[in-house]
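My notes follow, in the order I took them.

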Amino acid sequence: MKVLFLEDEPKVVSLVKRGLEGEGIEFAVAMDGFTAVKMAGLNQYDLIILDVMVPGMSGLEVCKSIRDADPDTPILILSALGSTQDIVAGFNNLADDYMVKPFNLAELRARMQSLVRRSGRSMVQQNVMTIADLSVNLDTMEVTRNNKVIALTVREFKLLEYLIKNKRKVLPRLDILEHVWGADFDMGTNVVDVYINYLRKKIDKDFSPRLIHTVVSVGYVMRTQ
């Protein structure tokens with residue numbers, strides 16, 4: 001699920017991304033109102049989350065502006081302003097839901113699910129994880145990059161699954177061995193390097209950006225940079 005998140009507090013952005021992005025929810029972040037309106041006009045999102053007190057246009061102004069151009073995409077206000085007057089103002093500016101900070105991540109995710117479900121759009125029910133233009137369906141084992149279907153062996157898929165579930169995290173070779181091959185596997189083997197090479201040829205060689213990176217003397221990490 002692709003979400004536009006208007007929030008100018010880096011700590012809040014980090015909290016939400018750490019808590020939810022690993023579940024297949026991809027966040028595009030805008031730090032000011034003008035940027036949020038521009039991004040909403042150039043891209044299609046499944047859900048838009050807006051803080052109110054941000055630089056440039058306020059979140060309420062952004063909400064009204066987006067809603068005038070797009071009557072369908074669900075919009076959730078996530079704000080520290082929690083009076084009845086503030087909440088009413090959010091709905092008057094055509095938001096679909098209003099949530100007050102501080103908030104609980106589980107409740108936020110539940111509200112996101114509810115909004116997307118009511119809008120008729122698909123949510124993370126299919127258990128799909130993405131990074132850049134790579135998409136991995138953990139239920140059907142279908143892998144695509146730039147909309148091209150990529151055939152993997154069972155072991156290659158298990159390796160890719162472990163990498164993408166831990167994207168942006170450096171994974172030591174021993175951890176990869178334990179989780180993909182089993183703890184009792186011969187630890188002296190170079191099977192991790194061999195299969196990383198297999199995987200790179202299939203999902204990285206003919207695409208950009210490269211996603212599987214070597215961390216010298218440690219292991220590997222999946223990230224866009």
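**Cis prolines**

I started with P102, which sits in the loop between β5 (97-100) and α5 (105-119). The model is predicted, and I read every entry here with that in mind. I checked the peptide bond from K101 to P102: it is cis, with omega near -5 degrees. Most peptide bonds are trans, so I noted this one down.

I then looked at P209. Its place is the loop between α8 and β11 (212-215). The bond joining S208 and P209 is cis too, with omega about 0 degrees.

**Positive phi**

Most residues other than glycine have a negative phi. I wrote down two residues that go the other way.

M141 is not a glycine, yet its phi is positive, about 65 degrees. I found M141 in the loop between β7 and β8 (143-145). Is M141 buried, partly exposed or exposed? Its relative accessible area is 40%, so M141 counts as partly exposed.

S217 is the other entry. Its phi is about 70 degrees, again positive in a residue that is not a glycine. S217 belongs to the loop between β11 and β12. I looked up its accessibility: 72%, so S217 counts as exposed; the cut-off for that is over 50%.

**Whole chain**

Next I stepped back. I logged eight helices and 12 strands. The C-alpha atoms fill a box of roughly 65 × 30 × 30 Å along the principal axes. Of the 225 residues, 43% count as buried. I also looked at contacts with a separation of 6 or more: residues 24 or more positions apart account for 54% of them.

Which residues have the most contacts inside the largest nonpolar core? I found L134, I176 and M222, in a core of 28 residues. At least two core residues come from each of β6 (128-131), β7 (134-137), α6, α7, α8 and β12 (219-222). The largest share is that of α6, with six residues.

Beyond its neighbours within four places in sequence, I176 is in contact with L159, Y162, L171, W181, V192 and Y220. There is also a second, separate core of 20 residues, and C63, I66, I77 and Y98 are among its members.

**Helix α6**

I checked the length of α6 (residues 154-165). It has 12 residues, so at 1.5 Å a residue it should span 16 Å. The C-alpha atoms at its ends are 16 Å apart, which agrees.

Then I listed the buried residues of α6: E156, F157, L159, L160, Y162, L163 and I164. Residues three or four places apart in an α-helix point the same way, because there are 3.6 residues a turn.

**α7 against α8**

I looked at how α7 (residues 173-181) meets α8 (residues 191-203). Their axes come within 10 Å and cross at roughly 80 degrees. The range for roughly perpendicular is 65 to 115, so α7 is roughly perpendicular to α8.

Which residues meet here? From α7 I noted R173, I176, L177 and W181; from α8, V191, V192, D193 and Y195. By class, the contact has six nonpolar residues, two charged and no polar ones.

**α1 against α5**

In α1, the residues at the contact are L15, V16, G19 and L20; they meet L105, L108, R109 and M112 of α5. I counted by class here as well: six nonpolar, one polar and one charged.

**I48**

My last stop was I48, in strand β3 (residues 47-50). Buried or exposed? Its relative accessible area is 2%, so I48 is buried; the cut-off is under 20%.

I listed its contacts, leaving aside neighbours within four places in sequence: L4, A40, I66, T73, P74, I75 and L76. One of these, I66, is a member of the second core. Finally I took a distance from I48 to V180. They are 132 residues apart along the chain, and their C-alpha atoms are separated by 36 Å.

Technical notes
Residues numbered from 1 in each chain as written. Predicted model: local features only at pLDDT ≥ 70, side-chain atom pairs only at ≥ 80, totals over all residues. Heavy atoms only, no water. Helix = DSSP H or I, 4+ residues; strand = E, 2+ residues; numbered from the N terminus. Buried < 20%, exposed > 50% of the residue type's maximum accessible area, 1.4 Å probe, protein only. Contact = heavy atoms within 4.5 Å. Axes fitted to C-alpha atoms, helices over the stretch in contact; angles between N-to-C directions. Parallel < 35°, antiparallel > 145°, perpendicular 65-115°, else oblique. Nonpolar A, V, L, I, M, F, W, Y, C, P; charged D, E, K, R; others polar. Expected span 1.5 Å × (residues − 1). Core = buried A, V, L, I, M, F, W, Y, C linked by side-chain atoms within 4.5 Å.
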